[in-house]
Amino acid sequence: MASPSDWLDRRTGFRKILHAALYENVPGGARWRYVWGSTLTFALVSQFITGIFLWMAYSPSSQTAWESVYYIQDQMRGGWLLRGLHHYTAHVMTVLLVLHLMQVLIDGAYKAPREVNFWFGLILLQLVLALSLTGYLLPWDQKGFWASKVATNLMGVVPIVGPIFQRIIIGGPEYGHHTLTRFFALHAGVLPATVTALVVGHVYLFRRHGLTAKEPRRRPDAPFWPDQLLKDAVACLAVLAVVLFLIVRHRLMSVHGHLGAELGPPADPSEPYSAARPDWYFLCFFQFLKLFRGDNEVWGAIFIPGLLLLVVFLMPWIGRWRLGHRFNLGFLGCVLAGAGLLTWLAVADDRANPTYQAAVRAADAEGDRVRALATSPAGIPSAGAVTLLRDDPLTQGPKLFSQKCATCHRYDGHDGLGVVPKDPQAASDLKGFASREWLAGLLDPARIVTTNYFGATRFAEGKMVKFVTKDVAHFSPGQQQQLRDALAALSAEAQLKSQLAADQRDSAVIAQARLLIRDTLRCTDCHPFRKPDEDATAPDLTGYGSRKWLINFISNPAHPDFYGKRNDRMPAFGADQILSEQAIGLIADWLRGSWYEPLASAQE
Amino acid sequence: MIVPDPVRPPPDRRDFLKKILAGCIGALAALIPVAAGFTVFVDPLRRHSSTRGAILVTALEALPDDAIPRKFPVLATRVDAWNKFTQVPIGAVYLRRTGGDRVQAFNVVCPHAGCFVDFLPERMQYLCPCHKATYTVEGRIADRASPAPRGLDSLEVEIRGGKEVWVKFQNFQAGHAEKLPVA
């Protein structure tokens, strides 16, 4: 009775194939130095597997790419692991490629009759680097976007054909949807197919000529299975262990460390990204380019690397002579040492650069913020996640304040972004504006005259300052308590998020205190408050510090509802169209502390 | 007994014709999908940057008259394949007011490799954070060893009604000594 495997063998001949694959002779015995080719195959297959499953969740368009990667990373179970495997296996693969090349050169396995196989290997090296380059753009985050932009700009400096290639690869005059679709087609289709075909050829040619044994041969010949395959399997496991370590290393160092590959803020072509760097294996090119002046860029980017590669391609011929082989080893050693030195210099340069460090920290903060916003109940709008940051008061407020307000105002002594402006302070410090503490300062005789309130403005000689320094300064304790209650009532007009609980708790006092404002303290002698007043000579306190009030104020401080003709130097940002409605809204929301906070930190 | 070598059949004109025909028909069949693909592949070569007129960037009032460059985003309509976005940031400019209504405008994109340059007021100099190209406050290359191939790209500015700053916004190709617009 024929066994099932006999049945299959008669129909497919699988036994012969299996035998040929497994019982390859390894002259001189199985050795650890031969494992690199197998680890590369393992890495490649791993990338195909993780890549295909990522492909089932990834969407390549400028409004869905980052969003789909965010979803994989933060919302799909095991997504962080899948993506981490894909990302870090690519990194490790670059190292394995170098090790494999080194072993092939050192052991002379590139010489006749193995030249064609050597060239296949060199082409595969470049294809794998191209896979890394195209993959880097796909999450469509700031880092990948700007690093790829630089790379494609460099492509454009190649004489004659450069701009054409650049236009075709980008899919148009600017980065956009078609850049992603093209990069993705290359990354998931064209390059893997070419790599597969070449790997098949590479293995076929390798088996055709047999292994180049390392002389002297220490042991008797051994079969590939199980001797060499065992060593290969151990090496592949070690590679996997390294990849897994890279995935969890941040979490090992801190309980808040992120897991897996990083995801920066979404690509924004209008936002500069000073922290843009290519991945570490391209840092040597990045550093190398700094040495080349403007119009010589093409030498640093294309010609010199091309020349070095050409020498490597010619190595099978150079290596025919003993001296030639030594030259090849020396040449490769120098190139690797040079690349290593350049990489180290690039990292050292960046470490010593405080602007770069600050940019990286800002980028990390923005990345965390946008992911928190994406996870918020509001989710990601169909316009894409890039609008999340553009519409976020916490992100945009400080930037806008720094650009438009900090020439006069301050925020906690700085410009909103932590920098103290050179020009002297010419208007109030707005941190905690309209809160009880801030108002207490306004009504404090010692503080109202400082630059943090009216000190640097023309109101320093105005009636309010006079009232505070003359009358309030001589308030009795009872009157001071009344003032405190009145300020609580005034502050409650703003409905500040940070004060909602306190306003609720003190609602009875506040209701009473509203009468104090009108009758006892007589603020309404000058200010309107919850009643229109045609004879008012001071800003309307109705809804003081509320979103609407603040937006109207910033739009036109010279409006009769506010300072009117007595306005000092503050521009009418809305009325004179200096800022858009949206920008004014963002500043107002930021000053009022009203932005989305994730639940966990709100509870802390 | 002598076994004669197998004799090759004499070349046959019909045989030759069959070979030619097989080759041509096969090539044609293969060529058509490739040609269709290639035509779409090179479609970007006929797409051009939307030519824009002048864009309103800011009110003249918002630009202090102190010859210090300040960055302003440029908002316009952007077409990206099948999407049309209105009033979105398409880039940014540095505006520098050098007296009255004389305003100088530079594209923030570094002509070296495309990053945005920063302006450092304490050094009164532009610095690109990517490869350290530096430019004077007038936009010229500041350092002979700079990687930049040319100075910052100036843009045409128009002050309308004495109040509005309009800029003819354009992007230029990075990495060349000549200032060539991105077509």
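Which residues of α17(A) are buried?

A: This is a predicted model, in which local features need pLDDT of at least 70 and side-chain atom pairs count only at pLDDT 80 or more, while totals for chains, interfaces and linings use all residues. Residues are numbered from 1 along each chain as its sequence is written, and chains are lettered from A and ligands numbered from 1 in the order in which they are written.

The buried residues of α17(A) are Pro393(A), Thr395(A), Gln396(A), Gly397(A), Phe401(A), Lys404(A) and Cys405(A). Buried here stands for 20 or more other C-beta atoms within 10 Å of the residue's own, with C-beta atoms placed from the backbone. Helices are DSSP runs (H or I, at least four residues), numbered from the N terminus. The end C-alpha atoms of α17 (residues 393–405) of chain A span only 15 Å, whereas a straight helix of 13 residues would span 18 Å at 1.5 Å a residue; the expected span is 1.5 Å times one less than the number of residues.

The buried residues of α17(A) pack against α15, α16 (386–390) and α25 (581–591) of chain A. One of these partners, α15 (354–375), also supplies at least two residues of the side of chain A that touches chain B, as do α7 (142–155), α8 (162–170) and α9 (177–209). Across that interface, 38 residues of chain A are in contact with 40 residues of chain B, a contact being two C-beta atoms, placed from the backbone, within 7 Å. α7(A) gives the most to this side of chain A, with 5 residues.

Key
A residue is buried if 20 or more other C-beta atoms lie within 10 Å of its own, exposed if 12 or fewer, and partly exposed in between; C-beta atoms are placed from the backbone.
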